[in-house]
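This report describes a protein chain for a reader working with computed models. The sequence and the structure are shown first, and the description follows.

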Amino acid sequence: MTRGSRGHAALIGTATVVLLLVTWEASVRLGELPEFVLPSPSQVVSAAVDQAPTLGRHIATTATEAVLGLALGTALGWLLAVLTSAVASVGHVARPVVLLSQTIPTVVLAPLMILWAGFGLTSKVVLVALTVFFPVLVAATAAIREVDAEYSDTVAGLGGGRAHQLWLVRLPASIPGALAGLRIAATYAVGAAVVSEYLAGESGIGVFIQRSRKAYAVDQIFVGILLIALLSAVMVAAITLLRRVATPWRAPVARH
């Protein structure tokens, strides 16, 4: 995608968001909807300004849980992808366990994680890691399998063993896939952290939303939703930048 195309796409996206906000504001005002049913965007902004002094620690808590869980889940997913590609028996053992784990919703796992790991940071990080682990595993495994066999044959022809093929061919090949999976996983990380905070936590965006719900402060709930979206967008943007730095050999069009 060229710079002009990216600018055109950003312009269309911005215009769409502005149109939706204007429509939302007009609908609430013309329909005279009460604030406790659907607040207008201006009322949400006003609530965000009022709550600004308390939002910093909630954002910091959720961001910490999401980043640590994302890092742990990515490391585990990438390592398992490499192991299953290098040792077939590891793949046979891990595949049913991994598939079974993905059939269980996060909201079901959260109480168990809290019972086993406590109410602190650890249970939230583990829950985020379990959520983001699978996309990274799938993307990295696919990237390794798509490696041209000619590269491995070349290493083997030069006298290299399986360890050399793994180190020189499969590991570098898995990096773009792992980063692609990481980008997808980043969109889930904040949500998983918030879900874990719903059930147990003293701070975080999930705690802020829960307290707002109990106070029937719908405008504050929308503030929490907005924070989740913004935090997820920041993480995706950071990972996109990381992909450009870590895989400079890939064409820009291949990164999107």
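## Overall architecture

Which pattern does the protein chain follow, read along the sequence? The pattern is α-α-α-α-α-α-α-α-α. The protein chain has nine helices and zero strands, where helices (H or I, at least four residues) and strands (E, at least two) are DSSP runs numbered from the N terminus. Along the principal axes, the C-alpha atoms occupy a box of roughly 75 × 50 × 30 Å. Of the 256 residues in the protein chain, 37% are buried; buried means under 20% relative accessible area, exposed means over 50%, and partly exposed lies in between (1.4 Å probe, protein chains only).

The model is predicted, so that local features need pLDDT of at least 70 and side-chain atom pairs count only at pLDDT 80 or more, whereas totals for chains, interfaces and linings use all residues. Residues are numbered from 1 along each chain as its sequence is written, and side-chain values use heavy atoms, with hydrogens and water left out.

## The largest pocket

The largest pocket has a volume of about 280 Å³. Fifteen residues line this pocket, and the closest to its centre are Thr84, Arg95, Leu137, Thr141 and Arg145. Helix H2 (41-86), H3 and helix H5 (121-145) are the elements that each give two or more residues to the lining. The largest share, seven residues, comes from H3. By residue class, the lining divides into eight nonpolar, five polar and two charged residues; Ala, Val, Leu, Ile, Met, Phe, Trp, Tyr, Cys and Pro count as nonpolar, Asp, Glu, Lys and Arg as charged, and the others, Gly among them, as polar.

On a 1 Å grid over the protein atoms alone, a pocket is an open set of points where a 1.4 Å probe fits, with protein on both sides within 12 Å along at least five of seven lines, and lining residues have an atom within 4 Å of a point. Grid points are joined across faces, edges and corners, and a volume is the space filled by probe spheres set on the points.

A salt bridge is a side-chain nitrogen of Lys or Arg within 4 Å of a carboxyl oxygen of Asp or Glu. By this rule the count is one: the side chains of Glu25 and Arg29 meet at 2.6 Å, N to O. Because they are four residues apart in helix H1 (residues 3-31), Glu25 and Arg29 are separated by about one helical turn. Glu25 is buried, at 16% relative accessible area, whereas Arg29 is exposed, at 55%.

## Surface patch and an exposed loop residue

Ile104, Val107 and Val108 make a nonpolar surface patch of about 230 Å². Such patches join nonpolar side chains (Val, Leu, Ile, Met, Phe, Trp, Tyr) within 5 Å, using residues with over 30% relative accessible area and no salt bridge. Ile104 sits in the loop between helix H3 (88-101) and helix H4 (106-117), and is partly exposed at 36% relative accessible area.

Tyr216 lies in the loop between helix H8 (205-214) and helix H9 (218-246) and is exposed, with a relative accessible area of 70%. Although not a glycine, Tyr216 has a positive phi of about 55 degrees. Most residues other than glycine have a negative phi.

## Sequence and spatial separation

Pro135, in helix H5, is buried at 14% relative accessibility. Pro135 and Ile184 are 49 residues apart in sequence and 6.8 Å apart in space, C-alpha to C-alpha. Thr64, in helix H2, is partly exposed at 38% relative accessibility.

How values were computed: Patch = residues over 30% accessible without salt bridge, like charges linked within 9 Å, V, L, I, M, F, W, Y side chains within 5 Å. Areas by Shrake-Rupley, 256 points an atom, 1.4 Å probe, with all protein chains shown as cover.
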